[in-house]
Amino acid sequence: AIYRVFADRYAGHIVCVSEWERIVNFPDRVKYAHTSVVYNGFDFPAFRAKADRAAFRREFGIAGDTPVIGYVSHLAPFKGQPDFLDALPQVFAAHPNARALVVGGAVYKASRDYDQVLKDQAQRLGIAGKVIFTGARRDVASAMQAADIYACCSRTEPTHEPEGATT
C-alpha cells in the first residue's frame with residue numbers, strides 16, 4: 001500500500017489503531033519496533049447520555065414494543081449493507097412486526113447515490129415497507145438505542161483490515 005511506502009521512507013515512528021494493523025502491516029521486526037498502538041478513544045457514558053430511544057422511534061413511526069434491527073454505518077459497498085438487506089426477508093418472515101433501520105449516509109464521492117441502490121434492493125426484495133433509511137444522522141447514540149439488535153456485515157475496510165479488528 002502507498003502509505004507503507006511513505007512510512008518506510010519518511011516516518012520515524014508509526015501509530016497504528018490496532019495490534020492487528022501493526023502486525024500485518026509491519027511484520028519486519030525492525031520496522032515493528034518503530035510502531036505503537038493507540039486505540040481509538042470513546043467516551044461511552046457521554047455517548048449514552050445523549051441517547052433518546054423513544055424520540056428516535058417516534059420520529060420514524062416505530063412503536064415502543066416493535067422489534068428493531070439496526071445497521072449504523074456510512075453507506076458504501078464494502079460496508080455490506082446489501083448482505084444485511086438480503087438477510088431481512090428471513091427476519092421478517094419469523095418476526096412480521098419487526099422493522100429495520102439503516103442509519104447513515106454516503107461519505108465517499110463514489111458512493112454518493114448508494115442509498116438509492118440500497119432502496120431499490122429493498123424494493124426488489126419486497127421489504128421496502130419495513131426498512132427505514134434514515135440518511136446521515138448526528139444523533140447516532142439515539143439511533144443505536146432505538147434498535148434492539150445490531151448487524152455488522154462489513155467484510156473489510158479500505159485499509160483491508162477485517163471489521164472489528166480495531167475495536
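The model is predicted, with local features reported at pLDDT of at least 70, side-chain atom pairs counted at pLDDT 80 or more, and totals for chains, interfaces and linings drawn from all residues. Residues are numbered from 1 along each chain as its sequence is written, and side-chain values use heavy atoms, leaving out hydrogens and water.

The protein chain contains 8 helices and 6 strands; here helices (H or I, at least four residues) and strands (E, at least two) are DSSP runs numbered from the N terminus. Along the sequence, these elements of the protein chain are arranged as α-β-α-α-β-α-α-β-α-β-α-β-α-β. Among contacts between residues at least 6 apart in sequence, 68% bring together residues at least 24 apart, a contact being heavy atoms within 4.5 Å. The accessible surface comes to about 10,300 Å², and carbon and sulfur atoms account for 57% of it; areas were computed by the Shrake-Rupley method with a 1.4 Å probe, and for residues only the protein chains shown count as cover.

Turning to the interior, 32% of the 167 residues count as buried, that is, under 20% relative accessible area, with exposed meaning over 50% and partly exposed in between (1.4 Å probe, protein chains only). In soluble globular proteins, nonpolar side chains tend to be buried together. A nonpolar core is defined as a set of buried Ala, Val, Leu, Ile, Met, Phe, Trp, Tyr and Cys residues joined through side-chain atoms within 4.5 Å. The largest such core holds 16 residues, and Phe84, Leu85, Leu88 and Val131 have the most contacts inside it. Two or more residues each come from β3 (68–72), α6 (81–94), β4, α7 and β5 (131–135), with α6 giving the most, at 4 residues. A second, separate core of 9 residues includes Phe56, Val103, Ile132 and Ala147. Valine 131 touches Leu85, Leu88, Phe92, Ala100 and Val102, setting aside residues up to four places away in sequence.

Tryptophan 20 sits in helix α2 (residues 19–25) and counts as partly exposed because its relative accessibility is 31%. Alanine 106 belongs to the loop between β4 (99–103) and α7 (114–125). With a relative accessible area of 40%, alanine 106 is likewise partly exposed. Leaving out residues up to four places away in sequence, alanine 106 touches Leu75, Ser111 and Arg112. Alanine 106 and serine 73 are 33 residues apart in sequence, while their C-alpha atoms lie 9.2 Å apart.
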